[in-house]
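Hi,

Here is the model for you to look over. My notes follow below it.

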Amino acid sequence: MKRTSKNIEYLEDTEELARFAKALGHPTRIKILNYLENQSCCFTGDLVEVIPLAQSTISQHLKELKDAGLIQGEVNPPKIKYCIHQENWKKAKVLFQTFFDK
């Protein structure tokens with residue numbers, strides 16, 4: 001099989017879909033998103049009460065979701081309030097729907 005050194009260029013939507021899919025690749029992150037979808041916002045401590053994991057573990061999952069753009073955080077020292085990033089959430093739904101309808 002012949003390999004090439006050329007870079008593969010992807011459409012922006014394809015890269016975004018992959019980023020969203022990667023963020024959804026862990027059941028805890030899906031559980032966090034399900035929880036946030038039914039709340040206006042919440043703090044990390046709220047999630048620790050719902051999901052029986054260490055706060056540091058929850059925080060790492062929140063970081064992954066935030067880096068993917070699926071959630072957003074508002075700093076209210078000493079806490080961070082998290083909620084669904086509505087614009088990106090809608091975009092993710094459209095991208096997944098388009099992907100699965102092909």
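Axes here are lines fitted to C-alpha atoms, for helices over the stretch in contact, and angles run from 0 to 180 degrees between N-to-C directions. Helices (H or I, at least four residues) and strands (E, at least two) are DSSP runs, numbered from the N terminus. This is a predicted model, where local features need pLDDT of at least 70, side-chain atom pairs count only at pLDDT 80 or more, and totals for chains, interfaces and linings use all residues. Residues are numbered from 1 along each chain as its sequence is written, and side-chain values use heavy atoms, with hydrogens and water left out.

Helix pairs

α1 and α5 pack with axes 10 Å apart, at an angle of about 105°. They are therefore roughly perpendicular (65 to 115 degrees). Contact means heavy atoms within 4.5 Å. On the α1 side, Asp 13, Glu 16, Leu 17, Phe 20 and Ala 21 take part. They meet Asn 88, Lys 91, Ala 92, Leu 95, Phe 96 and Phe 99 of α5. Seven of the contact residues are nonpolar, one is polar and three are charged. For these classes, Ala, Val, Leu, Ile, Met, Phe, Trp, Tyr, Cys and Pro count as nonpolar, Asp, Glu, Lys and Arg as charged, and the others, Gly among them, as polar.

α1 also meets α4 (residues 55-68): their axes come within 9 Å and cross at roughly 170°. That makes the two roughly antiparallel (over 145 degrees). Arg 19, Phe 20 and Ala 23 of α1 make the contact with Glu 64, Leu 65, Asp 67 and Ala 68 of α4.

Sheet

Three strands form an open sheet in the order β1-β3-β2, with antiparallel pairing (at least two DSSP bridges between two strands). β1 (42-43) and β2 (71-76) are at the edges with a single partner strand each, so one side of each has no neighbour in the sheet. Six bridges join β2 to β3 (residues 79-84). Gly 73 has Tyr 82 of β3 as its bridge partner. Helix α2 (residues 27-37) packs on the sheet and touches β1, β2 and β3. α4 lies across β2 and β3, at about 115° to β2.

Pocket

A pocket is an open set of points on a 1 Å grid over the protein atoms alone, where a 1.4 Å probe fits, with protein on both sides within 12 Å along at least five of seven lines. The largest pocket holds about 190 Å³, a volume being the space filled by probe spheres set on the points. Its lining residues (an atom within 4 Å of a point) are Leu 11, Asp 13, Thr 14, Leu 17, Leu 95, Thr 98, Phe 99 and Lys 102. α1 (12-23) and α5 (86-101) each give two or more of them.

Best wishes

Technical notes. Parallel < 35°, antiparallel > 145°, perpendicular 65-115°, else oblique.
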